[in-house]
Structure formats: C-alpha cells, structure tokens
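I opened this entry to record what I looked up, item by item, for someone who has not seen the structure before.

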Amino acid sequence: MSPATKKRLSYFLISTIVLLVVGKFVYNSLQGNTVYFFSPTDLSNLSEKPNGLIRVGGLVKKNSIKEKQKNASYTFTITDLKNDTYVEYEGLLPNLFQEGKGAVIEGVLKDKKFLLAQKILAKHDENYMPPEVAEALKKSGNWNKNYDQ
Amino acid sequence: MTSNIGFVSIVISCILSLFIIILFFKHVLFGGPLHSKFFALYKASFFLIAASFVLLVISFIISDFSIVAVYENSHTDKPFFYKFAGTWGNHEGSMLLFILIISLYGYLFLLFSKQLNFPLRFTTIFFQTSLQFAFLLFLIFTSNPFEKIFPIPNQGLGLNPILQDPLLVLHPPFLYLGYVGFSLVFSLLLGGLICNYYNQSWAAIAKRWIFLPWTFLTFGIGLGSFWAYYELGWGGYWFWDPVENASLMPWIASTALIHSVLVMDKTKKLYNWTAILTILTFVLSLFGTFLVRSGILNSVHAFANDPERGLYILFIISLITFSALVIYILKSPKQTEGESGFVLFSREFSIAANNYLLIFALTVVTIGTTYPILLSVFTGESISVGPQYYNTILAPFVFIFLIVMAIGPYMKWSKNSFAVSKNKLIAFLISSLIVTILASLLLKNQNFIFILGVLCSLYLIISVLYEFAYFKNIKLKQFNFPRVFSHAGFGFLILAITLHYFFSKEFTAKIPLGESVTYKEFVIKFSNYFSKEDKNYQELTGEYEIQKNGEKIVLKPSIRRYSQPQQFTSETSIRGEWLSDMYIAMDYTSDTSDGIGIRFYHNYSIRLIWLSYILIAIGGLLSFMRRKNEQ
C-alpha cells in the first residue's frame, strides 16, 4: 500500500468510527426523549400500557373539570367521543384549556384509563384544533365540521 | 380599487420576471448582446412588487374589508399600529413580504455591484429573478393577498391577539430579511459557477451578502425569543419548538458559511465546502418557510392551514435544490482549489473543526425537527421530541466548540502556531479555572455539567477579553472588532444559559385575595385586583406583593380577554434585576372568589441572554460595515 492510500484509508476508518459512535449517541437520545401520542381509543386498544412519558389528546369532556381541595390540583376527562381517559393534574390550568375544546396532555399512565399529567399543552388559539386531536377525532368517527375553522 | 391595482402590479411583475428569464436564455443560447434594458426591467419588477406591498399595507390601514386577507385578519377597533403590522400577520401578506425581500436583495445587489464582472452580475440577477418568479407564481395561484370578497363585510374578524404586540412590527420582517436574504448569495454562487468566476475574489464579494442577512437573522431570532419570554407567558426564552428550530437551522448553516468563506478568501481552500454550505443555507431557509407555512406544525406561527400550499412550496424547494446541485456538480471548481490538506493548529484548521461541529449541531436539530414529521407521514404515529434530546446531545459539543472558538483566533493562517500561543492559552485555562472554582463554591453547585459549562464559556470570554485589553499593540484598523463582539457574545450566551438552566425556579399557585404563599425565600401576597375596559379587550390586573429578604416589590400581571376574535392573553409582569428576573404570569379565571392562579418564575441571567444576542448581532453588523469600507 502506498502512503497516500494508507492515509486515505485511515481517514476513512476514523471518520466511519466517529460517525457510528455519534449516530448511536443521537439514536439513543432520540429514543429516550421521544414522546408518543395516543388518543383515548388508541389507549384502550393497547394490550399493554406504555411506560414513560406520553401525550394524550382529545376534547375536554363537558362538566368533567373538578378542582381538588385548594391546592390547585384538578381532575378532568379527555375524550375522543368514543373512549375516555381520566386525568389528574397538579398545577394551574392554562387560559386556553376549556371544556369542549381540544387539548393535549403530557404525562405518565397509571393504568390504561388514568393519566397522571405533568404538562398541559395549550399554545394554540381558541379556534385552532391541535392536528393530533383532529386526527384522533377523525379516527373515532366523531369529527365535526364545526371544529374546522 | 386598490386591490385591483395591487393584483395587477403583481401580475405585471411576474410577467416581467418571465421576460427577464427569456432575455437571459436568448442571450446565452443564441448569442448577441444582452438586452440593454435587462437591469432596468429587473428594477421595474422590484418597484411593482414594492408598490403592491404598499397598497396592501394601505388596505390594512384603511380596513378595506373587500379584501379577504384584510377581512380575516383585521378589525376597525384595532389600534393603528396593529392594522399596519397586521399586513404580515397572515399567510398572504407575509408571502408578499417574502417576495418583496427576495426582490429587494436583488435590487440592492444591482445598486452596489456596478464595478463587478458583467456576466457575473447579470447571471446573478437572472437567478434572483427565477426565484422571484417561482414565488410570484405561488402567490398568484395559491395565496393572492388581494383576493376579494362579496358582499363586502362591515367588520373584520380581527387579528390573533397573541400577535398584537409591538414586536410584530419588527420580528417577522427581520427574520425574513435574514433568511430570505440568503437568496442573494445563493444566486451569486450559481452565477459564479456558471461564469467560471467562483474563486477567491468571489469569496470577497460574497462575504458582505452573507454578513448582512446573518445579522438580520440573528436579530430576528433574538426578538422572537424575547417575545416568547414576555408576551406569551411561557416563562422561558427557547423551547426547541419546531418553528424555532426552523429559524435556527439556517442560522447554524450560515454561521458555518461565514467562517468557511473567510477561509476561502484567505487561503483558497474549502471551495467546494463553501459552495455546499451556501446551497444548504438557502435550502434550509426555504425549508423553514415550508415547515411554518404548510401548517403541519402546531404553533402560533401557523396561520391558515392549506396542504396544497405546502405541496407547492415543497415542489419549489425540490426544484431549486435539484437545479442548484446539478449546476454545482457540472461546474464545480476543479483546478482553482488551493493546496489541500490542513496544517494542525492553524487558523483554518480550527475553523474547519468548528465547521464540523456546527454541521453536527445542524444535523441534530434537523433530525429532531423532521423525525416526528417523517414518522407521522410514513407510519401515522404522532410523536414529539422533548427538549432534553437537544440539551443532552448538544451540551458536550458546545463545550468543545467554545474551546476551539477561543483557541482558533490565536492561531495563524496556514501555520502550526500552537507553540507560539501555548503560554497564553494555558494562562487563560488557569484563570478561567480559578473563577469557575470560586463560582462553584460561592453558588454551592458542584454539578459536573454546570462546572464544564461555566469553565468553557469563561475560557472563551477571557481569551476574547485578553485580546481586547491588548489591542493597542496593533493598528486599530486591523483589529477584528466583529469577531471579538460575536465570539464574546456567544461565550456570554452559553454562560447565561448554563446559569439559567441550573438556578431558575418555577412555581405555580392559586392564591385567594388578601392571602399569601411562601415559596423558598419569596413571600407572594395577592393584595388587590381591578379590571378595566379597553377598545378591543377587557383587562383584569392583579397586584402581587413579593417579599424577598426584607425587600418588597409589587408586580402587576394581567389577563386580557379580547373580543375580536375572542381569546385570552396573559400580560406578564417582570421585575428585572441585574442577575435575575422575577416574573409573574396570571391565569384566566371566570370566578375570582377562590383566588387567581399565577405562575411565578425566578429566572437567572435572562438579561445576559438578551445582551449576548445583541453582541452577536453587532458583530455581524460590524463585519458588514467593515467589508464595505474595504472596497
């Protein structure tokens, strides 16, 4: 092997190793920080409850928001009008969080019907339906033109 | 009437653009002199776009509800300011602004390039015209800003209240002046390749056309970050939201480009790399536009959602990328490249190393942003990628990046200069170590990442300050002020982010009127509230007394209920001190009897973050001005 080929070969080997290590690193971090989205129906169809952080989206069921004592802890129900998920949340409800409107909740499942929420995502305006929620309602066959503004 | 004139001038401008393209091909394919009015036609097309934009602004100001875009996004009760800025607070208006800026950069190039090689000049204008033409077609066929509505409504639907903020005047135009501005250097690259003028002097010309949009982009991102902090009440300055990432991706690519074009200018190296970065920067800018405009993201930046528009933009992006790559492959410089290979510990070596790190960061951000989209397209699963993904992967690389940034400027071009500057570099290390240890003891934080973050950013800051303190030894004119500002700004930014990450606190509570809660060293008392009516909203303002170590301050956050369209926004109340901010955002409640919910943040070194944005951007501005003086 000529020195030039040797040099090129070593460059190639080093960069391949670096790329593989970095790729593995990125892949692991991506796996560890991926948050999957489920609709209440998706959840009830699962055979096993997912571990770790997930998101559940749907409509906030009418008359379901209840305040527990005075420590700003709430319970409410998220529905895709076919199945429900019961949510417990400690913290304040955001301005845009209202009964009958769409919401996405991030948290950990206690069991398949019960989510311990950590975060409520409501960074949209009032008429805007989160795309995941729209999808969930379409899947459960309860999409209504009125939601689409 | 105004709407007709506006639309007609867009159409004429589009036809003129097509005509310019035909003239160019006629000249290239059949020879003969270029039409004498080639540049004049381009200027005319620019003025027509500018005129239609002014007409749209006027339509918004006089609330001409016969235009759909005005009807859907404006309201007579809205203050003048927002009627004006509302022009680009919607899809159609912002696309017109987008095209205006493409055209504006072409016009500026014509004005300031009179001394340039003639073929390079008109070929660049040809490419700029082609871009303008593609987006004009998009505007005319899918998003006509002057589309009419009949019967004419009496009142408009109003502007999204979240956008009703003075920063709406600056943030979108600055971002556009930034990433749309990269269109010019992209055209210049294609022009250079076609005319066989892609060489060292190309780099000297291109530099200023990179620095200018880069400065705008930096300011634009900074303004957006600032806006999210105080207006949206989210409590932070950066959320790794896909829309934020959409602006960060071209920023990272262009930062790499700024450095590689310098190497090309000084040492005749990195020709191919610079060309690829130029294409990448512009394509990522367009990709950002696609992400935001197609409505596939859930964000305050997504206006009307129309998948068809997204498809058209995707088609334009593919076409532009494909043509650019074909031109690059056919015409890429072969002989012009200087001697390849880098000397270890030379200036260009450190720049190349940081370029790799930047590309790595870019890849990480791009994967995090596009992976959820691709997954939902191909498998239907919807996922999101948490901020921890970015933080854990990027942190170690940022630390190395800071060190290379500090060492690089002490190296000479094309020479191994480690031995010469070894002592200085070690001195910086020792002094930054001492300060870091003191900080760690004083702040009672021994976290490894915290120590590394502080150490590496201090290392960069100290190395820059040293240079600054000893600049008298060299001539003022030779002193690289732009780099000193930008690099110091970046050092402060990472320092501020580290401090913010480790010391900021967040706390939520529902406090009944007259009562108080205690949180760490803070006692927060809800002392009073009052409501008032304004022209387009009702406002409920709370008064909170905060006691901290015997000091008492009052914060008055409020919640606004807009009537048109009906929506709530939180107006935060922030008390800034040198090192930390006390920040309260109030939540909406229809019933105040059992108290109002608040989110209280004690944020560290937020001001330092704003200051760093400004320093980095000033560096870009100084670079731009310096290049101007040189010519």
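Helices (H or I, at least four residues) and strands (E, at least two) are DSSP runs, numbered from the N terminus. I noted that this is a predicted model, in which local features need pLDDT of at least 70 and side-chain atom pairs count only at pLDDT 80 or more, while totals for chains, interfaces and linings use all residues. Residues are numbered from 1 along each chain as its sequence is written, and chains are lettered from A and ligands numbered from 1 in the order in which they are written.

I then checked the span of α13(B), residues 347–378, whose 32 residues reach 45 Å from first C-alpha to last, close to the 46 Å expected at 1.5 Å a residue (1.5 Å times one less than the number of residues). Just after α13(B), I found B:Gly380 with a positive phi of about 80°.

**Where the chains meet**

I looked up the contact, which takes 26 residues from chain A and 31 residues from chain B, counting residues whose C-beta atoms, placed from the backbone, lie within 7 Å. On the side of chain A that touches chain B, α1(A) gives the most, with 5 residues.

I also saw that β1(A) pairs with β1(B), residues 383–385, in the antiparallel sense over 3 bridges (pairing needs at least two bridges found by DSSP), and that A:Tyr36 stands opposite B:Ile383.

Note on methods. Two residues are in contact if their C-beta atoms, placed from the backbone, lie within 7 Å.
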